[in-house]
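Subject: Structure handover

Hello,

Here is the structure I promised to pass on. Please open it first, then read my notes below.

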Amino acid sequence: MTAHTQHIGLTDSEVEQSRAAHGNNKLTPPAKESLLKKFLSKFSDPLIIILLVAGTLSTGIAFYEHFSLNEGMTAFFEPVGIFIAIFLATGLAFIFELKADKEFSILNKVNDSEPVKVIRGGNTIEVTKNDIVVGDIVIIATGDEVPADGELLESVDMNIDESSLTGEPICHKSANEAEFDKEATYPTNHVLRGTKVMEGHGIFRVLRVGDKTEYGKVYVETQIDNSVKTPLNLQLDGLGKVITKVSYGIAALIVVGRMIMYFTSTAATFDWTHIMAYVLQSLMIAVTLIVVAVPEGLPMAVTLSLAYSMRRMLKSNNLVRKMHACETMGATTVICTDKTGTLTQNQMRVAATNFYDESLINIIYEGIALNTTASLKHSADAPRVLGNPTEGALLLWLHANGIDYKALQTAATRIAEIPFSTERKYMATAVASATGKRLLFVKGAPEIVINLCTDVCGNATKNDASEQLAKYQQQGMRTLAFAYQELAEGELGIEGNKLTAEHLKLLGIVAISDPVRSDVPDAIRECLDAGINIKIVTGDTPATAKEIARQIGLWSDTDSDENIIAGSDFSALPTDELRRRISSIKIISRARPMDKKLLVETLQAENQIVAVTGDGTNDAPALRAAHVGLSMGDGTAVAKDASDITIVDNSFTSICRAVMWGRSLYINIQRFILFQMTVNVVACLIVLAGAFMGTESPLTVTQMLWVNLIMDTFAALALASLPPSEAVMKDKPRDRKDFIINKQMTRSILGVGGLFFAALLVLLYIMQHADISSAGDLLNFTPTAEKHISPYELSLFFTIFVMLQFWNMFNARAFATGKSAFNLRGCSGFGFIAAAILIGQIAIISFGGRFFGVVPLSAADWCIIIAATSIVLWIGEILRALRK
């Protein structure tokens, strides 16, 4: 322990009092949701709820048929099948998200045991981070992470990386009031937990610890689940309500219609026993219709589609953690993005050089290499800056020009130097150059360095330099000026920490910026063309933010102050004014973490579907609040944990790919709904017709389970495997209030379903009035008196029913493409699964026997059925050709 004379710090008793009053320096960990609770949450899906109701009703009927009508265990096939469908859909969703969580697995644990230097009782000691209390005097130096929020008491040339809270890598901090920046996001004399000291050292008094720190507030805010309903959930809710109303309505009509038929035909033989039996039979038919109307395969189809997209999206650098995010990206209307690390490379680079005498280029190289405090760490990928990012940018510029700065440093000898300070705003180094000359190099703020110079190299003037400087600064770039002087023997040009050289020459000016990622302008244009608005939220200055927005094509000459606002002004706007201006705001500068969250919530209140990108802890609350949170691959653990998707390669282009996948996925789900609802309409109409014709359904329970579960699951896989289409990026985002079944789909479902029903009704009539011994007999039959339909005829009926749906799957695949169903480029999975469905149907008919209530068909029968039912596809092809 070493004594410290300036600060006494807290005594042991004061530490305990402070801990009792303000708590310790730990962040409250989020409550973990149990696996059971995660699994049960899957049962809140609207379609799953409908299936649960249908399964319960079906179970009741099964018990009645088994115990009252003495039917075998086959009575329970249907309810068992429904509950299998429920557990498959919920189980798959649970397993896929659990797997994604493991793949996503981030080390999000906060290390609270790191040692921190504090002054207590007049002594400098080390304690763990979580032992820090309010009132502690903490010592921090270059490389240290700030353990708590506090006020600086002392500081020496301190620069802090505040990107975890503001997104900006370098913020000057000082205890000197003369150096305070009134426009800074956080006060210049305040240091904050989770930030890192990049240069200098200091001493601060702790003001806040744990959850009460700015970092803690952000951390707590990320744990609040806003339970924002996704557009797909809302639309499936709507579909569920329609299915419920229609099926219950038709079921009621069946009961009423059959009772009217009964009383009009049996008025003379009024018998309560007979009436009750008839009512019960009518109710069973009504419940059967409800069960048939429910698309058992739809929850599974949605789950499989989302799971398939999750896996495929990873190949386009989108690691999806939450299933719904796949599709929600397609409905996004606004993307709120931070600047640093998302739009830009998060690495300062030399954007422009303006040296006035190229013959002095070797002196310029030597000056940059020797008059610096930064260094480069070379790795297999690219050199990484150690130290001040601005100085590092100059070393990277040397590296890009093939200059080895270390060789220059080794060849020369430093004689004297003046370190950079915010008061001087320049640094200077006198060297014995490898050329044998003694040189003085000065680098710093242009307005200071230009005034120190008595001459300008080349043919330039100080006015030329000032004009160029103004242009760079208007573009929001950081600027540095360089000067040198050749020293006489014995001359240093430096005395103490003062510059005494009187003949400095201005070498030139360099502009430094965090460059825009090369792919961003095109990606922004693609998003804007797709009807998605982009809003930049940054902790940087208005000038820098506007320049970046201009470079990426978001800011135009027609934009004004109405389109940009500072974070403090944004949060101070009254609610009405905020909602009025929200659509026109393109940039929020000097933004704090809660400003971004307020932006997201306001946009959501305006019925916008909001995606948020971010890589810092400051972005976490907004990532959590958004419909879709997009964290960057190299972002903080807190940001990743709050997000739904991680953009592995940090590329905005990958975000565009996520939108394309989401929109294509939604269309794939529509295609499946188009396919399955056609199946259900036909099945419902067959049950409905049978109810009034007095005949039993020609389709058995196990046959319907094959169609609704197995075949539909294969169809879901086939339609989900369709590749995304770039054409969807030319459309505007869909309205979240739109019904998932649009007018074109409605016409197709009712039209095709009606035609299928009519064809099957005619087929049923033929089978009731003719002996059919081969498929060919359907084309040439002799009518007879009404008879019982044979197992062979029922097998024909079932196969024709399935094959009509099989060919209609190809029509569903071509929906919304404007192309032929035979255009299978990139759809090898579709062809494979279609073949599997056909083989499955042949296997069921050939080997299903009593379980499926079928008998084998001949090869000739199969050829006739496949050829005859394919007319469904050919009619679809003709209609698509006519629409072109």
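This is a predicted model: local features need pLDDT of at least 70, side-chain atom pairs count only at pLDDT 80 or more; totals for chains, interfaces and linings use all residues.

The nearest cysteine sulfur to Cys527 belongs to Cys656 and is 3.4 Å away. A disulfide needs the two sulfur atoms within 2.5 Å. Cys527 is therefore in no disulfide. In general, a disulfide is a covalent bond between the sulfur atoms of two cysteines.

Is Cys527 buried or exposed? Cys527 has 0% relative accessibility, so it counts as buried. Cys684 has a relative accessible area of 12% and is buried too. The cut-off for buried is under 20%.

**Two helix pairs**

Two packed helices are described by the angle between their axes and the distance between the axes. Keep both in mind for the pairs below.

Start with α10 and α11. Helix α10 covers residues 361–370, and helix α11 covers residues 389–400. Their axes are 9 Å apart, and the packing angle is about 135°.

Which residues make the contact between α10 and α11? On the α10 side they are Tyr365, Ile368 and Ala369. On the α11 side they are Leu394, Leu395, Trp397 and Leu398. By type, this contact has seven nonpolar residues, no polar ones and no charged ones.

Now go to α24 and α25. Helix α24 spans residues 743–769, and helix α25 spans residues 791–814. The axes come within 11 Å and cross at roughly 165°. That angle is over 145 degrees, so α24 and α25 are roughly antiparallel. Their crossing is right-handed.

From α24, the contact uses Val752, Phe756, Leu760, Leu763, Leu764 and Met767. From α25, it uses Glu793, Leu796, Phe797, Ile800, Phe801, Leu804, Gln805 and Asn808. How do these residues divide by type? There are 11 nonpolar, two polar and one charged.

**A buried loop residue**

Next, find Thr372. It sits in the loop between α10 and β12, a strand at 375–377. Thr372 has 9% relative accessibility, so it counts as buried.

What does Thr372 touch? Leave out residues up to four places away in sequence. Its contacts are then Glu391, Leu395, Gln409, Arg414, Met427 and Lys443. Leu395 is also part of the α10 and α11 contact.

Pick its C-alpha atom and that of Val80.

Lys425 is not a glycine, yet it has a positive phi of about 65°. Lys425 lies in the loop between β14 (413–418) and β15 (426–432). Its relative accessible area is 39%, so Lys425 is partly exposed.

Asn607 has a positive phi of about 65° too, and it is not a glycine either. Look for Asn607 in the loop between α19 (593–605) and β25 (610–614). Asn607 has 43% relative accessibility, so it counts as partly exposed.

Best wishes

Notes:
Residues are numbered from 1 along each chain as its sequence is written. Side-chain values use heavy atoms; hydrogens and water are left out. Axes are lines fitted to C-alpha atoms, for helices over the stretch in contact, and angles run from 0 to 180 degrees between N-to-C directions. Helices (H or I, at least four residues) and strands (E, at least two) are DSSP runs, numbered from the N terminus. Contact means heavy atoms within 4.5 Å. Ala, Val, Leu, Ile, Met, Phe, Trp, Tyr, Cys and Pro count as nonpolar, Asp, Glu, Lys and Arg as charged, and the others, Gly among them, as polar. Buried means under 20% relative accessible area, exposed over 50%, partly exposed in between (1.4 Å probe, protein chains only). Angles under 35 degrees count as roughly parallel, over 145 as roughly antiparallel, 65 to 115 as roughly perpendicular and the rest as oblique. A crossing is left-handed if the near helix is turned anticlockwise from the far one by less than a right angle, and right-handed if clockwise.
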